[in-house]
Amino acid sequence: MTKNQSFPLLMWGLSRGVLFLTMLGVTPLLPTPEGAKAAEWGLGVFNAWDSQFYESIAVSGYHFQNDGQGYNVAFFPILPLLSWVLMQVGLPFNGAATLVNNLAFLGALLLLYNWVQQRHGETVARWSTAVLAWCPFSIFGTVIYTEGVFLCLSTAALRAFENQDHLWAAFWGALATATRVTGVALIPTFLWAAWRQKRGLRAYLAGGFASAGLILYCLYCYFRFGDFLAFYHSMEAWNRGTTVHWQGWLIMFGQIVLGPKNTNREGFEAFVDPWHPLVMGVIAIISLFLWKSRHRFGKTVIYYGYCVLFLLVWLLVGNPLLNTLMILGGLYLLWHTRQELGIVPLSYGVFSYAIILNSGQVTSLERYVYAIVSVSLAFGLVLSRYPRWGRAVMLFFGLLLILFGLRFAQGQWVA
């Protein structure tokens, strides 16, 4: 094992070990919260929510009728196809799909580490890899979702394109666009970078051929169901009735500032919890006081003070805070590190955000942001300059990863 392989392998082993121990060993021993399901012993804990659609594809194929309902055709084929291949040698679906996603996630960590080390050095590579491995949304690189596979393929495509290996960039890009719809962000990324860097025809062809996965899936939908965009029409069935952009964001901000009891999915109700905004106001005043007095108190007091305040806000707000920080924080990181990221990672981040923010919903956006590898790279660049804060972030990430594992194993919503 080379030095380039040992650190990402360690991050993968430790983070996945924590998740496996939590979900397989600890959760079945715990009491079941109201509204959750009892965690079972075995790999079934990795199969919930969207996982069941991938299982239906691998077991019985795609289904669709243009009747306004949601069907499994909304989910792209690479993960269920790879799972089906392993099922042919005797593995059950849960084992096959879990193995595929976890090994692909390991591949993503190895690719990211080697790519970033080549561009920015070992310190940034370690922080970027640690962020990708320990971010609580990395749970979707272990359970039966497409995050691990998509991160591996998109990172491979971006790395190959930046190294001007256009044939491999097209190949990995095509597989990425056959894994999930947000893979189409690779296409404008390649075309824009080719133009900005004045590359030759091969770079433009790589951008064009990266769409092959999506095109082939559209053709499959047409020949099977008579509808090129069957997957899109099925997605619309789930998106119908969700709040519009501004209302969804307003509700999420309202849950942070005013409190969940004063805000629901439809908007703002009667003011029933005056303590939440009062406590948030006190925390804001203390935070401002610490900032104004930072030169008098010293770095250590400020460090621990802000850590405690953040934990208090998280305990008070919960998921709306994490989701907002993931979405808007990731966007800020891309802007903050725009001079260092390079044209390929930055363009991919911008185009990916454009796609997911244009989806018309706020549900699960944090999970889609996690799958933008450029965000982990940008975060790694920042934490490499502030390692003390980076260690605090990693500890918090580890705690959240355990909590997310508990919740997913009990069938509770994570992202």
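The model is predicted: local features need pLDDT of at least 70, side-chain atom pairs count only at pLDDT 80 or more, and totals for chains, interfaces and linings use all residues. Residues are numbered from 1 along each chain as its sequence is written, and side-chain values use heavy atoms, with hydrogens and water left out.

Serine 51 lies in helix α2; helices (H or I, at least four residues) and strands (E, at least two) are DSSP runs, numbered from the N terminus. The relative accessible area of serine 51 is 0%, so the residue is buried (buried means under 20%, exposed over 50%, partly exposed in between, with a 1.4 Å probe and protein chains only). Neighbours within four places in sequence aside, serine 51 is in contact with Phe46, Phe93, Ile144, Tyr145 and Phe408, where contact means heavy atoms within 4.5 Å.

Tryptophan 49 belongs to the loop between α1 (3-26) and α2 (51-60). Its phi is positive, about 55°, although tryptophan 49 is not a glycine. The residue is partly exposed at 36% relative accessibility. Glutamine 164, in the loop between α6 (147-162) and α7 (166-177), also has a positive phi, of about 60°. Glutamine 164 is exposed, with a relative accessible area of 52%. Most residues other than glycine have a negative phi.

**Salt bridges**

There are six salt bridges in the structure, each a side-chain nitrogen of Lys or Arg within 4 Å of a carboxyl oxygen of Asp or Glu. Three of them are listed here.

| Pair | N to O distance |
|---|---|
| Aspartate 50 and arginine 367 | 3.7 Å |
| Arginine 367 and glutamate 147 | 3.0 Å |
| Glutamate 162 and arginine 119 | 2.4 Å |

Aspartate 50 is in the loop between α1 and α2 and arginine 367 in helix α19 (residues 365-370), so their bridge ties together parts that are 317 residues apart in sequence. Arginine 367 is buried at 4% relative accessibility, and glutamate 147 is buried at 0%. A network of salt bridges links Asp50, Glu147, Arg180 and Arg367.

**Helix α9**

Ala203, Ala206 and Gly207 are buried in helix α9 (residues 201-209). They cover an arc of only 100° around the axis, which puts them on the same side of α9; the arc is that of the directions from the helix axis to the C-beta atoms. The buried residues of α9 pack against α6, α7 and α8 (186-196). On the face turned away from the buried side are the exposed residues Leu201, Arg202 and Phe209.

**Nonpolar surface patch**

Ile215, Leu216, Leu219, Tyr222, Phe223, Phe228, Leu229 and Tyr232 make a nonpolar surface patch of about 810 Å². Patches are made of residues with over 30% relative accessible area and no salt bridge, with nonpolar side chains (Val, Leu, Ile, Met, Phe, Trp, Tyr) joined within 5 Å and like charges within 9 Å; accessible areas come from the Shrake-Rupley method with a 1.4 Å probe, and for residues only the protein chains shown count as cover. Helix α10 (residues 212-225) gives the most to the patch, with five residues. Tyrosine 232 is found in helix α11 (residues 230-239) and is partly exposed, with a relative accessible area of 42%.
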